[in-house]
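Here are my notes for you on this structure, one point at a time. Keep the model open beside you and find each residue as you read.

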Amino acid sequence: MGKILILKDVFVEQLKDLYSAESQLVKALHKMAKAATAPDLKEGFLAHLKQTKEHAARIKKICKDLKVKSNGKKCQATAGLVKEGQEAIDEKATPAMKDILLIAAGQRVEHYEIAAYTTACSLAKALDLTAALKTLSVTLSEEVATNAKLAKASVPAIAKAKSTKK
């Protein structure tokens, strides 16, 4: 993209960043699910994987409606978060500790996505893009819900890890 001159250009850049983020997470979530040891956590990562594919499809549709490409930009923040998630996967840790590391990595991703979708919603609203705003708001709500599920999953994971003797 050339020089950013208008608010719509900023919005499109944000959409491309989100599309890249969601696309990177599709690959990462499968690995995180495979590494998780608690059945509920594994199931949660797989459910969010399915949801993440839908998030990417939604952004692609918004871009199509705006007659712009959804790809062409790499979300560097997500690349870093995915790298941290891979470090959690590769860590030599007990199963209980591994699950806590995966939850922590997952929550960092969700917090980034919540911030990014909040910005995209603000821009869609400012641009009077009602359909895009509605779609992005649904995704934002899903990201908030996923973060809450991860927070809830951390309680038994931490309790289990706490009861583990050296």
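1. In the bridge between Arg58 and Glu142, the closest N and O atoms are 2.9 Å apart. This pair links distant parts of the chain, with Arg58 in helix H2 and Glu142 in helix H5, 84 residues apart. Helices here are DSSP runs (H or I, at least four residues), numbered from the N terminus. Arg58 counts as buried at 16% relative accessibility, and Glu142 is buried too, with a relative accessible area of 18%. For these labels, buried means under 20% relative accessible area, exposed over 50%, and partly exposed in between, using a 1.4 Å probe and protein chains only.

2. A word on what you are looking at: this is a predicted model, in which local features need pLDDT of at least 70 and side-chain atom pairs count only at pLDDT 80 or more, while totals for chains, interfaces and linings use all residues. Residues are numbered from 1 along each chain as its sequence is written, and side-chain values use heavy atoms, leaving out hydrogens and water.

3. How many salt bridges does the structure hold? There are 5. One of them joins Lys73 to Glu13, with the closest N and O atoms 3.4 Å apart. Lys73 sits in the loop between H2 and H3 and Glu13 in helix H1, so this pair ties together parts that are 60 residues apart in sequence. Lys73 is partly exposed, with a relative accessible area of 32%, whereas Glu13 is buried at 14%. Another bridge runs from Lys61 to Asp65, its closest N and O atoms being 2.9 Å apart. Both of these residues lie in helix H2, 4 residues apart, or about one turn of the helix.

4. Now look at Lys16, in helix H1. Lys16 is buried yet has no salt bridge; the nearest side chain of opposite charge, Glu13, is 4.6 Å away. (Lys and Arg count as positive, Asp and Glu as negative; His and the chain ends are not counted.) Setting aside neighbours within four places in sequence, Lys16 is in contact (heavy atoms within 4.5 Å) with Lys69, Ser70, Asn71 and Lys73.

5. Next, the largest nonpolar core, which has 18 residues. Such a core is a set of buried Ala, Val, Leu, Ile, Met, Phe, Trp, Tyr and Cys residues joined through side-chain atoms within 4.5 Å. Among those with the most contacts inside this core are Phe11, Leu18, Ile59 and Tyr117. Helices H1, H2, H4 and H5 each supply at least two of its residues, and the largest share, 6 residues, comes from H4.

6. Finally, helix H3 covers residues 76-90 and reaches 21 Å from its first C-alpha to its last. That is close to the expected 21 Å (1.5 Å times one less than its number of residues). Which residues of H3 are buried? They are Thr78, Leu81, Gly85, Ala88 and Ile89. Seen down the axis, they fall within an arc of 100 degrees, so they line one face of H3; the arc is that of the directions from the helix axis to the C-beta atoms. The face turned away carries the exposed residues Gln76, Lys83 and Asp90. What covers the buried residues of H3 includes H1 and H4.

Methods:
Salt bridge = Lys/Arg side-chain N within 4 Å of Asp/Glu carboxyl O.
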